[in-house]
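Student: Before we go through this model, could you set each value against the definition behind it, and then conclude?

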Amino acid sequence: MVPVSSMADRLFGTTGVRKVYGKEFDLEMALDLGKALGTLLGGGTVLLARDTRTTGLMVADALSAGLLSTGVNVVRTGIIPTPTLAFTVMNRRLDAGVMVTASHNPPEYTGVKFWSKNSMGFTPEEEEKIERIYVSRKFKVAPWNQLGKESTTESAADEHIEAILARCDAELIRSKSFTIVVDPGNGAASVLTPYLMQRLASKIVTINSQPDGHFPGRVSEPDESSLGDLIQMVKEIGADLGIAHDGDADRVVFVTEKGEVVRGDRTIALLAQDYLGTTKGGTLVTTVDSSLVLDETVKKRGGKIIRTPVGDIQVAVKVKETDAVMGGEACGVFILPEFHLAPEPFLTACRILEKMARTGKSLGELISGIPAYPLVKTKLKCPNEKKAQVMEALAEVLPKALENVVQVLTVDGIGITLKEGWVLVRPSGTEPVIRITCEGPTEALVKKVSNTAKLAVEKTIKSI
Ligand code: MG
């Protein structure tokens, strides 16, 4: 058997398979991934959906063919958000879910992400099982009269919307007559979020809300640099809130009434106040790249914080294992186990609106109570095949290059706690880059540390 870890180019990255179509990914791969999942399941029914990418329908067709050939039934639903797929698999008690998506990557990427019946993404162990079958090519072949059957469903988004509304105080939110601007970035939430918000607010304005896999409105990753139009629209019409998603809408980023893009870890801190308030000593799970503000928030409420490697699956696994009240990532991932174990951006938006309605405060006012420490993010190009060696060398080099090192952690990449602040260096799981993130109490200090780390990484990449 080929040891998976020694394969030159792993199929699965941080979160599912994500590759450039035509270069690293072709339809045969999709067909074989369908066969591999069908072989692993050995029967049952799978829900299959996609985001708005131009390659989505064709990749989904190939996946479906692969699954059917193993005798597994496929329920097809068109373009829906990833969280809607995960929720529906759980809600309808199906055996697994398959989402054709490359999340927030550029439009030329495509990908596949697998979901379990408990609404959680496949764990790295489950992905490894798929990969082993995929590499061995020992696929189950169902005879002609025992092939899987394909059917379609149109109501997944409606079921998800109703389940969300049943969980929040819609009447309280409606009583405040909010104005909301929604920017789905031409992605998978182009329908769901505007429809959900229509049930809660008095006025909804949408931008980039026509599903389009070319992503003509903006780049798919929602952050300060890509949300200029949303910021402007929120300010121009005096809206109470801006909501933005990535391509498959498992992420959400909020914009305040003043046009400020709120970093995900501060939003987690804001919501964690309430979630921790309902329990005694509750647990919050986040990734290694989240702000220190989360530690402070959790500590103040007598809770416990657990940090995992980057990736929503890693967070979900720990949330389940520790029975945590909430999990999340700074990039805009929120896991609310009160509902399910996939990222849940829509109920998160409702919880924000509820908090605004309950307190009578704007999001800007609420978030001003959560400190924002200076954070600098940089990335350096590094070929995938060099990454392991570079990281190995950096484990030696980096702690020596920095001053006031308190602790070196290797949960995911190299995390260095300094006397004031921290540095995290980790290879991207989806792109040929190494990312450097620094946080600290002052702008000047963070810049200095970031530059030192950047130089050390640059030098190491060149030397290998
Ligand atoms: Mg995504």
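Student: What covers the buried residues of H8?

Tutor: The model is a predicted one, in which local features need pLDDT of at least 70 and side-chain atom pairs count only at pLDDT 80 or more, while totals for chains, interfaces and linings use all residues. Residues are numbered from 1 along each chain as its sequence is written, and side-chain values use heavy atoms, with hydrogens and water left out. The cover of the buried residues of H8 includes strand S7 (179-183), strand S9 (241-245), strand S10 (252-255) and strand S11 (261-262), where contact means heavy atoms within 4.5 Å. Helices (H or I, at least four residues) and strands (E, at least two) are DSSP runs, numbered from the N terminus.

Student: Which residues of helix H8 are buried, and why are they said to line one face of the helix?

Tutor: In helix H8 (residues 228-237) the buried residues are Leu230, Ile231 and Val234. Down the axis of H8 these buried residues fall within an arc of 100°, so they line one face of the helix; the arc is taken over the directions from the helix axis to the C-beta atoms. After H8 comes glycine 238, with a positive phi near 65°.

Student: What makes aspartate 274 and arginine 358 a salt bridge?

Tutor: A salt bridge is a side-chain nitrogen of Lys or Arg within 4 Å of a carboxyl oxygen of Asp or Glu. The closest N and O atoms of aspartate 274 and arginine 358 are 3.3 Å apart, and the pair forms a salt bridge. Because aspartate 274 lies in helix H9 (residues 264-277) and arginine 358 in helix H12 (residues 345-359), the pair ties together parts that are 84 residues apart in sequence. The structure holds 25 salt bridges, and a network of them links Asp32, Lys35 and Arg137.

Student: Why is arginine 351 called buried, and which residue does arginine 351 meet in a salt bridge?

Tutor: Buried means under 20% relative accessible area, exposed over 50%, and partly exposed in between (1.4 Å probe, protein chains only). Arginine 351 has 14% relative accessibility and therefore counts as buried. Glutamate 338, at 36%, counts as partly exposed. The side chains of glutamate 338 and arginine 351 meet in a salt bridge, at 3.0 Å from N to O. Glutamate 338 lies in the loop between strand S15 (333-335) and H12, and arginine 351 in helix H12, so the pair ties together parts that are 13 residues apart in sequence.

Student: How many cavities does the rule count, and what lines the largest cavity?

Tutor: On a 1 Å grid over the protein atoms alone, a cavity is a set of points where a 1.4 Å probe fits but cannot get out, and lining residues have an atom within 4 Å of a point. The count comes to 2 cavities of 30 Å³ or more. The largest cavity holds about 60 Å³ of space, a volume being the space filled by probe spheres set on grid points joined across faces, edges and corners. Its lining includes Thr15, Arg18, Lys113, Asp248 and Asp250.

Student: Which element gives the most to the lining of the second largest cavity?

Tutor: H15 gives the most, with 3 residues. Strand S20 (433-439) and helix H15 (443-463) each supply at least two residues of that lining, and the second largest cavity holds about 30 Å³ of space.

Conventions: 1 Å grid on protein atoms, 1.4 Å probe; cavity = no way out; pocket = protein on both sides within 12 Å on 5 of 7 lines; lining within 4 Å.
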